[in-house]
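Subject: Structure handover and notes

Hello,

Please find the structure below. My notes on it follow.

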Amino acid sequence: MVVELKPRVEAMEGNQQRLEANILLLGAHSVGKSALTVRFLTRRFIGEYGDIESVYSRIERLDGQEVCFNIWDSVQTQDGETCPSITDKQLQWADGIVLVYSICDRRSFDVVRQQLQQIRRSRKPASVPVVIVGNKRDLRRHRSVSGEEGQLLALSQHCAFFEVSAAETYHGVLLVFHRLVDLVRESRALRKNTAGVRGIVRSVSAVFAKKRAE
């Protein structure tokens with residue numbers, strides 16, 4: 001069951017603010033989305049999961065700021081013919097998105113390509129940061145997607161990129177979520193600055209319009 005959480009920034013003591021980041025995990029079935037989530041939240045690796053869609057939360061200090069991670073671990077059905085759909089509700093909720101594929105599964109990489117296209121069609125490219133993650137690096141002897149392919153896709157779509165193994169290491173998974181929070185901060189700052197510039201332009205335009213009318 002998913003609890004809807006809206007993005008917000010809550011004031012803290014001493015003018016310090018808590019950043020609340022809603023992070024949506026997407027990808028094909030059995031690529032390790034839940035393993036990544038649990039590894040980040042608990043440092044532990046669990047190999048088997050049921051098909052339960054949930055939102056998990058974790059609070060930590062990052063660069064001197066308290067950050068609340070709300071992670072929506074989406075569940076996809078085992079359908080090899082179609083790309084798992086992304087709902088408007090998910091996209092409106094998300095401050096940032098992690099697209100996960102298995103480096104041992106070419107089809108899961110194709111799903112990431114298709115889901116990225118859905119995201120770009122639904123929202124402006126700069127409005128939601130995306131990190132692409134190639135998981136199961138510990139099984140690279142069975143690799144069917146090269147690291148260069150993942151990097152090229154990320155570069156072409158202005159996304160961050162990581163190859164990790166949720167089974168082997170905690171640090172790599174930690175970097176994924178921390179990098180996405182950095183991108184969320186940058187995205188919010190950009191929107192704030194853009195809104196400020198637009199406000200100035202409207203004010204100046206109003207002044208000139210008034211002078212012409214006089």
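Helices (H or I, at least four residues) and strands (E, at least two) are taken as DSSP runs and numbered from the N terminus. On that basis the protein chain has 5 helices and 7 strands, in the order β-β-α-β-β-α-β-α-β-α-β-α from the N terminus on.

Some conventions before the details. This is a predicted model, in which local features need pLDDT of at least 70 and side-chain atom pairs count only at pLDDT 80 or more, while totals for chains, interfaces and linings use all residues. Residues are numbered from 1 along each chain as its sequence is written, and side-chain values use heavy atoms, with hydrogens and water left out.

Overall numbers

Buried here means under 20% relative accessible area, exposed means over 50%, and partly exposed is in between (1.4 Å probe, protein chains only). Of the 214 residues in the protein chain, 46% are buried. A contact means heavy atoms within 4.5 Å. Among contacts in the protein chain with a separation of 6 or more, 72% are between residues 24 or more positions apart.

Helix α1 covers residues 33–42. It is mostly covered, with 8 of its 10 residues buried: K33, S34, A35, L36, T37, V38, R39 and F40. Just after α1, R43 has a positive phi of about 70°.

For the aromatic pairs, rings of Phe, Tyr and Trp (its six-membered ring) pair if their centres lie within 6.5 Å; planes under 30 degrees apart count as stacked, over 60 as edge-to-face and the rest as tilted. The structure holds 4 such pairs. In one of them, the ring centres of F40 and F69 are 5.0 Å apart and the planes stand at 70°, so this pair is edge-to-face. F40 in α1 and F69 in strand β4 are 29 residues apart, and the pair links distant parts of the chain. Both F40 and F69 are buried.

F40 also pairs with F177, and this pair is stacked, at 4.3 Å centre to centre and 20° between the planes. F177 lies in helix α5 (residues 171–213), so the pair ties α1 to a part of the chain 137 residues away in sequence. The relative accessible area is 0% for F40 and 1% for F177, which is buried as well. F40, F69 and F177 form one aromatic cluster.

A charge sits over a ring if NZ of Lys or CZ of Arg is within 6 Å of the ring centre and within 35 degrees of the ring normal. R58 meets this for F40, lying over the ring face at 4.3 Å from the centre.

Two residues that bring other parts of the chain together

V173 also lies in helix α5 and is buried, at 1% relative accessible area. Leaving aside neighbours within four places in sequence, V173 is in contact with L36, R39, F40, V164 and A166.

C68 lies in strand β4 (residues 65–73) and is buried, with a relative accessible area of 7%. With neighbours within four places again left aside, C68 is in contact with R18, L19, E20, A21, R58 and I59. A21 is 47 residues from C68 along the chain, and their C-alpha atoms are separated by 6.2 Å.

Packing of α3 and α4

Axes are lines fitted to C-alpha atoms, for helices over the stretch in contact, and angles run from 0 to 180 degrees between N-to-C directions. Helix α3 (residues 106–122) packs on helix α4 (residues 147–156) at an angle of about 5°, with the axes 12 Å apart. That makes the two helices roughly parallel (angles under 35 degrees; over 145 is roughly antiparallel, 65 to 115 roughly perpendicular and the rest oblique). R106, F109, V112, R113 and L116 in α3 meet E149, G150 and L153 in α4.

Loop residues with positive phi

S30, in the loop between β2 (17–27) and α1, has a phi near 65°, a positive value in a residue other than glycine. H158, in the loop between α4 and β7 (160–163), has a positive phi near 60° and is likewise not a glycine. H158 is exposed, at 73% relative accessibility.

Regards
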